[in-house]
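Thanks for passing this one along. Here are a few notes to read with the structure open beside you.

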Amino acid sequence: KPFSRIRPVPQVEHLSLRERFERWHFCIHLIRDPAFQNNPAQIWQEVGEIERKLASDASWEREELLNTSPLWPGRLQPARWVRGLDVAGDENAVKTEVFAPALRWLRLGLQSRPYRREPSLGLHLSVHAGEDYAHPLSGMRHVDETVEFCQMRSGDRLGHALALGIAPDTWLQRHGEAVLDLDEYVDNLVWAWHHAREMSPHLALAAQVLPKFELTLIRLIPYLSWINEREPTPGPELLHQAWMLRRNCHHYWSRERFGELGDAKFRVAVPDAATLSDPCDSAARLWRQRWQRIRAGTGGIHEPMIPVQIAKSGGFKVRVCLSDHDLGHDRRTEKTLKLITVCETASEVTFMHALQDWLLDRYDRLGLVIEANPTSNVYIARLKSHVEHPVFRWYPPDESTLQSGASNNMFGLRRGPIRFCVNTDDPGIMPTTLRTEFELLREAALKHGVSRTQAENWLERIRVFGVEQFQQKHQPLWR
């Protein structure tokens, strides 16, 4: 018998060791790798491997994990330590739409398991979004795509989500002129236009900016890289319908669409299969046309090359300036340089601030949680100090600032604070601990003018909420 290097645990320590085991949770950490860019087939390969690992007993048959004791009834199931899926990386390169279908499948609740294994109750999500963005609308849209396309539910976390808290006028003043791909800027405007229509009955400002959004879209839509010049130019409503279809996986649709019955994975990956296969549906045609452009010449794993059928080349950029007046740029020169200047008015910037409140209220009603990493956020978002951290807008120590018309609810769109928890992000890069993060927030809260008692009670509520979230997602390790 080979010599074991694992020291037996004295029997008197068995119960305390078991209690420590029950206090662990792990998340599967997924990185938006450049290889995943516009390549959902590669992501499905990775997800398939994760799924096999979680379903296999063999991968957990390790001596240090199978220690038993007469004081411990049942057998240890280490896979139950895995309670979440965490997605991080460059949100500007690998879009949510590319990995969202595979993520929905991986976290699907009540999946069957092998013999004598209990069914999975599903995994919670923690997706980093709205952390690094080229424009406030880009950041907010990235967050909303995460919520919509990943079908986030109560208890799921939005990592960082700075785009929901840093005031757009502050961000734009500190970053100067923004330059974006035209396709991205049109996506932003179509998305903002849709929300402005929804908000119009509740906010006069939303109705005020709608005509400006529509005029800018009329100017920009013809230059989209994937628009077919031989067909009528689509309007914002049709483009928004096509945007919503991005929750579908192009890889699975293109591979399985000719089958009579899709399997369970296909139904999760392509929830709008009937619409996408309808040759008469205009939004579906735009969705197919855009993916045709994206996939042209890239040929990902198991995906054939797709011929280009779009007449013109793209590559246009949009330069965003803050001005209430059209600066009168030479349109012919802009077309030659493929650089179009768009002036955003003060009303539009104010509307972006209201849109943040609108989204915060909506996500709070969904039961979502913002997970902030204060020190990391200060560095990434170019905040001057922890005093400027958006937590003081999301979950202020003094909740009177959330009354209608008050500083954290100027438009009367919020009904209370959004759930919030604190983390350290990567202490290997930024030398910090959870204790340090809480202390830094305490000092920042005092500079906001609250009393020491208010600040400490506020932090205690955040701490208790974090513990409750752990307990809600916990599964017993022994069966």
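Predicted model: local features only at pLDDT ≥ 70, side-chain atom pairs only at ≥ 80, totals over all residues.

1. Strand β6 covers residues 317-322, and four bridges join β6 to β5, with the two strands running antiparallel.

2. Stepping back, the open sheet consists of three strands, ordered β5-β6-β7, and its pairing is mixed. At the edges lie β5 (178-181) and β7 (339-344), each of which pairs on one side only. On average, neighbouring strands of this sheet are turned by 30° against each other, direction ignored.

3. Now to helix α1, residues 14-21. Which residues of this helix are buried? They are His14, Leu17, Arg18 and Phe21. These residues sit on the same side of α1, because the arc they cover around the axis is only 100°. The general rule behind such spacing is that an α-helix has 3.6 residues a turn, so residues three or four places apart point the same way.

4. Last, a look at Glu51, which is located in helix α2 (residues 40-55). Is Glu51 buried or partly exposed? Its relative accessibility is 22%, so Glu51 counts as partly exposed; the cut-off for buried is under 20%. In sequence, Glu51 and Arg107 are 56 residues apart, while their C-alpha atoms are 9.7 Å apart in space.

Definitions and conventions
Residues numbered from 1 in each chain as written. Heavy atoms only, no water. Buried < 20%, exposed > 50% of the residue type's maximum accessible area, 1.4 Å probe, protein only. Pairing = 2+ DSSP bridges. Axes fitted to C-alpha atoms, helices over the stretch in contact; angles between N-to-C directions. Arc of directions from axis to C-beta.
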